[in-house]
Amino acid sequence: MALDMTGNFFLVGLMGAGKTTVGRALAKRFDKQFYDSDHEIESKTGVKIATIFEIEGESKFRERECEMIDELSQLQNIVLATGGGAVMNPDNRRCLKERGLVIYLRASVDDLYLRTKLDKNRPLLQTANPKARLQELFEIRDPLYREVADVVIDTSRQTVATLLTQIEPKLEALLND
Ligand SMILES: Nc1ncnc2c1ncn2[C@@H]1O[C@H](COP(=O)(O)OP(=O)(O)O)[C@@H](O)[C@H]1O
Ligand SMILES: O=C(O)C1=C[C@@H](OP(=O)(O)O)[C@@H](O)[C@H](O)C1
Ligand SMILES: [Mg+2]
């Protein structure tokens with residue numbers, strides 16, 4: 001039977017899990033359009049995510065994020081990297097579950113910390129102890145990522161190329177069985 005990889009793939013996971021990086025590579029691999037909800041919010045508003053948090057606060061950012069995920073998830077045959085907090089909103093969880101296959105990229109808190117510690121554009125991690133913050137967020141969000149996920153991938157100590165070779169057969173199995 002010919003393989004059919006049409007449809008939407010949505011990436012979820014904590015900050016530093018690699019949603020943006022792996023999502024872009026996945027889109028290239030399957031010849032799909034790539035979107036990142038944070039980048040789209042930045043393009044639409046003309047300012048960085050950190051500035052939105054600073055001026056409008058997190059709750060307004062979450063409204064913007066929810067509208068953007070609703071809009072983008074209605075597109076066809078795309079890869080969408082969501083922001084790490086998107087799954088906190090039940091409307092976002094519903095959009096993602098109903099409109100595509102959801103891939104949860106998982107990583108240890110140590111790896112998440114190493115991958116994010118130099119990046120100043122993640123306002124939730126601009127605290128005295130970002131590793132402890134990541135641990136807290138992991139505990140709150142891991143069950144929600146699992147709830148929406150069709151596929152769970154452990155990204156710790158894996159290159160992006162290796163991750164693609166792990167994700168591909170899982171997606172094929174879901175789409176072609
Ligand atoms: N599997 C990986 N191994 C090593 N570094 C990674 C991996 N995935 C992502 N990174 C790096 O971690 C940082 C955060 O990745 P990013 O894609 O922005 O994560 P997210 O969108 O999930 O927050 C980037 O510098 C990226 O190059
Ligand atoms: O985890 C979060 O709540 C957030 C994650 C960020 O995206 P990444 O997961 O792509 O870093 C961005 O949406 C914002 O800073 C809030
Ligand atoms: Mg990202």
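**Reading a predicted chain and its two ligands**

Biologist: Thr-21 is found in helix H1. What counts as a helix or a strand?

Modeller: Both are DSSP runs, numbered from the N terminus: helices are H or I and have at least four residues, strands are E and have at least two. This is a predicted model, in which local features need pLDDT of at least 70 and side-chain atom pairs count only at pLDDT 80 or more, while totals for chains, interfaces and linings use all residues. Residues are numbered from 1 along each chain as its sequence is written, and chains are lettered from A and ligands numbered from 1 in the order in which they are written.

Biologist: How many helices and strands does the chain have?

Modeller: The chain holds eight helices and five strands. From the N terminus, their order is β-α-β-α-α-α-β-α-β-α-α-β-α.

Biologist: Is Thr-21 buried, exposed or partly exposed?

Modeller: Count the other C-beta atoms, placed from the backbone, within 10 Å of the residue's own: 20 or more is buried, 12 or fewer exposed, in between partly exposed. Thr-21 has 18, so it is partly exposed. Ala-17 counts as buried because it has 25 such neighbours. Across the chain, 34% of the 177 residues are buried.

Biologist: Where is Ala-17, and which residues does it contact?

Modeller: Ala-17 lies in the loop between strand S1 (9-12) and helix H1 (19-29). A contact needs two C-beta atoms, placed from the backbone, within 7 Å. Neighbours within four places in sequence aside, Ala-17 contacts Leu-105, Arg-106, Ala-107, Leu-112 and Thr-155.

Biologist: Which residues come nearest to ligand 1?

Modeller: A residue is near a molecule if its C-beta atom, placed from the backbone, lies within 6 Å of it. Of the 14 residues around ligand 1, Gly-18, Lys-19, Thr-20, Thr-21 and Arg-115 come nearest. H1 and helix H8 (160-176) are the elements that give two or more residues to this shell, and H1 has the largest share, three residues.

Biologist: What surrounds ligand 2?

Modeller: The residues around ligand 2 include Lys-19, Thr-20, Asp-38, Arg-122 and Pro-123.

Biologist: Which residues does UniProt list under "binding site"?

Modeller: The unreviewed UniProt entry lists Gly-16, Ala-17, Gly-18, Lys-19, Thr-20, Thr-21, Arg-122 and Gln-158. They span 143 residues in sequence and the farthest two C-alpha atoms are 22.8 Å apart, so they do not all gather at one spot. UniProt positions follow the numbering used here, feature names are shortened, and annotations may be inferred rather than shown by experiment.
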